[in-house]
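Subject: Structure for your files

Hello,

Please find the structure we spoke about below. My notes on it follow.

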Amino acid sequence: MARVLVETLTIPAGLFLGLLFSFPMAFHQPQPHHAKLVIADPAVEYRVGTALQRQHPGGFDVTAVPDARAARRAVLDRDAAAGFAVTGRHAAVLYVAKANGASLEQALTKGFTQLAAHNHQKLTVTDVAPTVSKDGSGATLVYFGIAWNVPGYILATTLLRAVTFNRRNKLITVACAAGLFSAVGFLVGVGLGFFPNAPTALAIAFLLTTAVATFSLGMAPFVKHFFPLAGLGLYVVLSVPSSGLVPVQLLPGFFQALHAVMPLGNAVDALRGVLYFDGAGVLKQVLVLCGWITAGTALLGLDAWHHHRMAVRRGAQDETQDIPEPPVEDPSLETPTPTALPVHPHHFGEPLPMLEGAVYDGEEQPVRHAAVTVMDTGGRQLVRTTTNARGEYAVTGLPEGYISVVVSHPGRDPLVHQKLLQSGVAVRADFTLHDRRNGTSVRAGAQRLDLGHARHGS
């Protein structure tokens, strides 16, 4: 019971702790952290830098540029969060970009208004990259990014259940779904006036969904039954706080570092670049997204190589007869389904069998490749598997209630056991198959119901 409790609570406990520490740390009382500013005139840069350092230690990294035009250009090129220039004895201008986030614009305006007032200057705030009217917070692109981000993970989860799809078909499905999601999201965003009509945004959205889905598919065989924790940890716990919902310049250093590598944060930056900054700085973000796609593809290739190596080691016959590991299931999406399990010592995080047993012949020797069929009370087949070299089988994901287990093998009389499955109770059903006697029909043998085998009980 202790082992089951630990395995059951590992994923929700990990997710709880991640959400508990990541969201409050990122969103509570945002403050500037090494926000880049440019100041026209080196003499003014020294005075402003000293004043800002005194007000916000470590909050700003200040550099000098030749004039006000260069300060404005630095903001448009996304080399700085803001630019400041003294334009007269009692006048100054602050260049900001609301597209970087309204909260950042407000924080910069407030700080420089106080600074200008201290120097008896009138401050003019110029927004060089204003957002559309429906994006007053400058964060709407983050919401669309989440809409393209999380479904990529969900898509990978559902594709893991598509056991008839090979890796190539899964990647084609990812590309088609990403194309559809990006087109629909773009049309909705433009149609409702949430962002400008810049078709280049379609490519960014496509790359984001493809990156998340491809990397998720690639990592699944390696994280196995911890896939939900890994996926939610990457794409929610780490991605959302570092996405730019709070402008990255106002985030702590840890989340700023995450923003530089996570697919959601890079996609949001790229969308801002193509929609409001004429494509400035987009290449770096696109390369990061392509890096995630490449990493996911490489993991898929590594998994294919591993399976090929194992197939060669075990031989072609064993490869076709062995029960494969069950597909990874995301418990947040799916209820358990009847699934055959390979019989081996239980590993942490793996599903436990609900029904297991062994099949022997009349001489107490294991029967290999005996067919084991589990049916419900209505005669519907729930799952079918075969025994291994030791005559063993295992099944999980079965519903509670009575089930029938039918075992058969060529040349032997089939047997049926009826079992009652209850939640939390593992049931064992062993069988002894005897050679078929002359004159005994297959139908008669198949209908023989063994409710209480003398050797095993039921």
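T214 touches L171, V174, I293, G296 and T297, leaving aside residues up to four places away in sequence; contact here means heavy atoms within 4.5 Å. T214 sits in helix α7. With a relative accessible area of 2%, T214 is buried (buried means under 20% relative accessible area, exposed over 50%, partly exposed in between, with a 1.4 Å probe and protein chains only). T214 and A298 are 84 residues apart in sequence, yet their C-alpha atoms are 9.8 Å apart in space.

Please keep in mind that this is a predicted model: local features need pLDDT of at least 70, side-chain atom pairs count only at pLDDT 80 or more, and totals for chains, interfaces and linings use all residues. Residues are numbered from 1 along each chain as its sequence is written, and side-chain values use heavy atoms, with hydrogens and water left out.

Helix α7 (residues 200-223) also packs against other helices. Helices (H or I, at least four residues) and strands (E, at least two) are DSSP runs, numbered from the N terminus. The axes of α7 and helix α10 (residues 263-276) come within 9 Å and cross at roughly 175°, which makes α7 roughly antiparallel to α10. Axes are lines fitted to C-alpha atoms, for helices over the stretch in contact, and angles run from 0 to 180 degrees between N-to-C directions; under 35 degrees counts as roughly parallel, over 145 as roughly antiparallel, 65 to 115 as roughly perpendicular and the rest as oblique. On the α7 side the contact is made by T200, A201, I204, L208 and V212, and on the α10 side by P263, L264, A267, A270, L271, V274 and L275. These residues divide into eleven nonpolar, one polar and no charged. Ala, Val, Leu, Ile, Met, Phe, Trp, Tyr, Cys and Pro count as nonpolar, Asp, Glu, Lys and Arg as charged, and the others, Gly among them, as polar.

The axes of α7 and helix α8 (residues 227-238) come within 9 Å too, crossing at roughly 145°. Here V212, F215, S216, M219, A220 and V223 of α7 meet F227, A230, G231, L234 and Y235 of α8. That contact has nine nonpolar residues, two polar and no charged.

H259 lies in helix α9 (residues 253-259) and is buried, at 6% relative accessible area. Leaving out residues up to four places away in sequence, H259 touches S242, S243, G244, V248, G265, N266 and D269.

Now the strands. Five of the six residues of strand β1 (residues 35-40) are buried, so β1 is largely enclosed by the rest of the structure. Strands β1 and β2 (residues 60-65) pair in the parallel sense over six bridges, where pairing requires that DSSP finds at least two bridges between two strands. V38 stands opposite T63 in β2.

An open sheet of four strands runs in the order β9-β8-β11-β12, with antiparallel pairing. Its edge strands, each pairing on one side only, are β9 (381-386) and β12 (415-421). Strand β8 (residues 371-375) pairs with β9 over five bridges, and V374 has V383 in β9 as its bridge partner.

Finally, L352 is in the loop between β6 (339-340) and β7 (355-361). L352 counts as partly exposed, at 30% relative accessibility. L352 and T396 are 44 residues apart in sequence and 6.8 Å apart in space, C-alpha to C-alpha.

Regards
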